[in-house]
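Here is a short note to read beside the model. Keep the sequence open as you go through the points.

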Amino acid sequence: VGGRGAQLDGVVEDQAQWKSHNYNHLMEQPTLFYAICLTLALLGFGGGPNLSLAWAYVGLHIAHSVVQATVNVVRWRFLLFLASSLCLLGLTIHAGAFIFHHMM
């Protein structure tokens, strides 16, 4: 009748599941991205390298979604995920350093 996630693996075509899995991934790491970007913007520290890192994250995440929804080559997906994660890590470190520096 219905199901979701792992329940449909092996039942529904793999190519259909790739899109489903990608949709689920859009509710994970990107929510951290939104929070960090909002924090940086509210602190007035969203420009310069943070803006570049944010756009790089968005571009890499879009590329990851396209790869996952089409060819789903894990090696490519991993490299794109790693690169976007490093962008998010840089944004997080910048936000934390800014807050720590201005609290002292």
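1. Two terms come first. The expected span of a helix is 1.5 Å times one less than its number of residues. Helices (H or I, at least four residues) and strands (E, at least two) are DSSP runs, numbered from the N terminus.

2. Some ground rules follow. This is a predicted model, in which local features need pLDDT of at least 70, side-chain atom pairs count only at pLDDT 80 or more, and totals for chains, interfaces and linings use all residues. Residues are numbered from 1 along each chain as its sequence is written, and side-chain values use heavy atoms, with hydrogens and water left out.

3. Now the overall fold. The protein chain has 4 helices and 0 strands. Read from the N terminus, its elements run α-α-α-α. The radius of gyration is 17 Å, well over the 13 Å that the globule rule gives for 104 residues, so the protein chain is more spread out than a compact globule. That radius is taken over C-alpha atoms, and the globule rule is 2.2 Å times the number of residues to the power 0.38. Along its principal axes, the C-alpha trace spans about 55 × 25 × 15 Å.

4. Next, surface and contacts. The accessible surface of the protein chain is about 7000 Å², and 71% of it belongs to carbon and sulfur atoms. These areas come from the Shrake-Rupley method with a 1.4 Å probe; for residues, only the protein chains shown count as cover. Buried residues make up 28% of the 104 residues. Buried means under 20% relative accessible area, exposed over 50%, and partly exposed in between (1.4 Å probe, protein chains only). Contact means heavy atoms within 4.5 Å. Take the contacts between residues at least 6 apart in sequence: 72% of them join residues at least 24 apart.

5. Look at helix α3. It has 21 residues and reaches 30 Å from its first C-alpha to its last, close to the 30 Å expected at 1.5 Å a residue. Its buried residues include Asn-50, Tyr-57, His-61 and His-64. What covers the buried residues of α3 includes α1, α2 and α4.

6. Helix α4 covers residues 74–103. Its 30 residues reach 42 Å from first C-alpha to last, close to the 44 Å expected at 1.5 Å a residue. Among its buried residues are Arg-77, Leu-80, Cys-87 and Phe-98. Cover for the buried residues of α4 includes α1 (14–25), α2 (29–43) and α3 (49–69).

7. Is Arg-77 buried or exposed? Arg-77 counts as buried, because its relative accessibility is 17%. Arg-77 is found in helix α4. Leaving out residues up to four places away in sequence, Arg-77 touches His-25, His-64, Val-67, Gln-68 and Asn-72. Arg-77 and Ala-63 are 14 residues apart in sequence and 8.5 Å apart in space, C-alpha to C-alpha.

8. Where does Asn-72 lie? Asn-72 is in the loop between α3 and α4. Asn-72 has a positive phi of about 55°, although it is not a glycine. At 17% relative accessibility, Asn-72 counts as buried.

9. Last, Gln-15. Gln-15 is found in helix α1. Its relative accessibility is 47%, so Gln-15 counts as partly exposed. Gln-15 and Val-74 are 59 residues apart along the chain, and their C-alpha atoms are separated by 14 Å.
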